[in-house]
Amino acid sequence: DIDPVSGVVVTAGATQGIFSAIMGLVDPGDEVIIIEPYFDCYVPAVLMASATPVFVAMHPPNWTFVEEELRSAFNENTKAIILNTPNNPTGRVYTREELQLIADLCIEHDVIVISDEVYEHIAIASLDGMFERTVTVGSAGKTFGMTGWKIGWVYGHPELMKGIWRAHQFIVFATNHPAQEAVAHAFTLGSAYYEEYQ
């Protein structure tokens, strides 16, 4: 269950949500694991937070990461991992076992997950022990096929959301009100919208 008052921040799209999450939760000198290939906004945001990106490669042709390479990326300086499934640009969807491995490593090393879920709802936050350490980012533009609406959201445990809200308030003051109303209505449409969407 998500607290609608203290557990959600409405953002000007998912990119701004990711930026707010990084700026609000990552400190100078921290390390952030980024699985590559990756969406282009991750690294600049980490660098602007004066943190260090640590890369873990997915290997073609199946775009899978090697467990030991992922394990070796975690250390006492690791603050967060950015998770993107289905992955942009490869389209790779992580398996339940891969998500559990990431969850286990995050719990072991006390690491936050910034989960970019704009293309699908595959919630690592639902795994045991992960809600309090996962920030989930969504996008109306992707969910409803309305590119340009620039309404996104970040949700998670209220303790994580405090940092995101503090960064968000100085990045974007407000988002487009008519689009917020449209997105709120869109969430009431039920599954028929998707069944008829071609």
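Helices and strands here are DSSP runs, numbered from the N terminus. The model on screen is a predicted one.

**Stop 1: a loop residue**

Select T85, which sits in the loop between β5 (78-84) and α4 (96-109). Is T85 buried or exposed? Its relative accessible area is 1%, and buried means under 20%, so T85 counts as buried. A polar atom of the T85 side chain lies 3.0 Å from the backbone nitrogen of Y94.

**Stop 2: two packed helices**

Two packed helices are described by the angle between their axes and by the distance between those axes. Select helix α1 (residues 14-25) together with helix α6 (residues 158-168). The pair packs at an angle of about 110°, and the axes are 7 Å apart. Angles of 65 to 115 degrees count as roughly perpendicular, so α1 is roughly perpendicular to α6.

Next, show the side chains where the two helices meet. On the α1 side, pick Q16, S20, A21, M23, G24 and L25. Their partners in α6 are L160, G163, I164, A167 and H168. Sorted by class, this contact of α1 with α6 has six nonpolar residues, five polar ones and no charged ones.

**Stop 3: the two faces of α6**

Keep α6 and hide the rest. Which residues of α6 are buried? They are L160, M161, G163, I164, A167 and H168. Turn the view to look down the axis of α6: the buried residues fall within an arc of 155°, so they line one face of the helix. On the face turned away from that buried side, select E159 and R166, which are exposed.

Bring the surroundings back to see what the buried residues of α6 pack against. The list is β1 (8-11), α1, β6 (112-116), β7 (134-139) and β8.

**Stop 4: helix α7**

Move to helix α7 (residues 177-186), where the buried residues are A179, V183 and A186. These cover an arc of only 60° around the axis, so they are on the same side of α7. Select P178 and H185 to find exposed residues on the other side of α7.

What covers the buried residues of α7? The cover includes α5 (140-143) and β8 (152-156).

Finish at the start of α7 by selecting N176 and A179. There, a side-chain oxygen of N176 comes to within 2.9 Å of the backbone nitrogen of A179. A179 is also one of the buried residues of α7.

Note on methods
Residues numbered from 1 in each chain as written. Predicted model: local features only at pLDDT ≥ 70, side-chain atom pairs only at ≥ 80, totals over all residues. Heavy atoms only, no water. Axes fitted to C-alpha atoms, helices over the stretch in contact; angles between N-to-C directions. Helix = DSSP H or I, 4+ residues; strand = E, 2+ residues; numbered from the N terminus. Parallel < 35°, antiparallel > 145°, perpendicular 65-115°, else oblique. Contact = heavy atoms within 4.5 Å. Nonpolar A, V, L, I, M, F, W, Y, C, P; charged D, E, K, R; others polar. Buried < 20%, exposed > 50% of the residue type's maximum accessible area, 1.4 Å probe, protein only. Arc of directions from axis to C-beta. Polar contact = N/O pair within 3.5 Å; in protein donor to acceptor, adjacent residues only side chain to side chain.
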